[in-house]
Amino acid sequence: MLKPKIISEILNQVLSTSINTALLFSQEGSLLSYATNKYNNIGSPVLVSLKDPSEPSKMIAAISSNVWSVYKNNCSLWFNQQNQNQQNQDDTLNMIFLDCEEGKVIISQAGKLLVALVGNNNTEIGLLKIKMNTLVNYFNNSLQYMGADN
């Protein structure tokens with residue numbers, strides 16, 4: 001059984017001066033756990049003024065799950081049509097990289113849940129990818145039975 005405090009501690013381990021936020025959330029966008037650091041500069045004055053400190057993370061989880069769902073549902077058909085003759089190629093969606101105005105986001109699936117990392121504009125994509133792979137590998141066995149059935 002996973003304990004929420006342990007999940008937060010694991011997410012906290014990937015944070016650095018360039019990676020501001022780590023999130024674990026359902027495919028429907030419900031935030032399950034998150035970690036942010038003191039260097040967290042995600043957001044406009046509207047987000048900073050909110051009374052709930054988890055509100056920016058909830059918004060990121062909701063948007064990220066929507067982006068993941070759109071790509072997974074709409075692009076999988078295209079990949080299947082393109083790869084009909086290539087049976088060896090893995091055509092499943094593994095990661096989504098977003099280069100936004102205020103930073104970079106990477107989204108991936110761990111078990112039946114989603115993980116997102118948010119970095120600032122100076123964050124290297126390779127660093128995000130390595131840290132995401134580490135998180136996904138760690139969570140994959142533990143989280144494969146959690147979340148909504150597909």
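A residue is called buried under 20% relative accessible area, exposed over 50%, and partly exposed in between (1.4 Å probe, protein chains only). Ser 18 counts as buried because its relative accessibility is 15%. This is a predicted model: local features need pLDDT of at least 70, side-chain atom pairs count only at pLDDT 80 or more, and totals for chains, interfaces and linings use all residues. Residues are numbered from 1 along each chain as its sequence is written, and side-chain values use heavy atoms, without hydrogens and water.

**Sheet**
- Strands pair if DSSP finds at least two bridges between them.
- Six bridges join β1 (residues 19-25) to the antiparallel β5 (residues 113-119).
- Phe 25 has Leu 114 in β5 as its bridge partner.

**Ser 18**
- Ser 18 sits in the loop between α1 and β1; helices are DSSP H or I runs of at least four residues.
- Beyond neighbours within four places in sequence, its contacts (heavy atoms within 4.5 Å) are Val 118, Gly 119, Asn 120, Thr 123 and Leu 127.

**Cores**
- A nonpolar core is a set of buried Ala, Val, Leu, Ile, Met, Phe, Trp, Tyr and Cys residues joined through side-chain atoms within 4.5 Å.
- The largest has 20 residues, and Val 115 and Met 132 are among those with the most contacts inside it.
- Helix α4 gives the largest share of this core, five residues.
- Another core, of eleven residues, lies apart and includes Phe 25 and Leu 114.

Key
Helix = DSSP H or I, 4+ residues; strand = E, 2+ residues; numbered from the N terminus.
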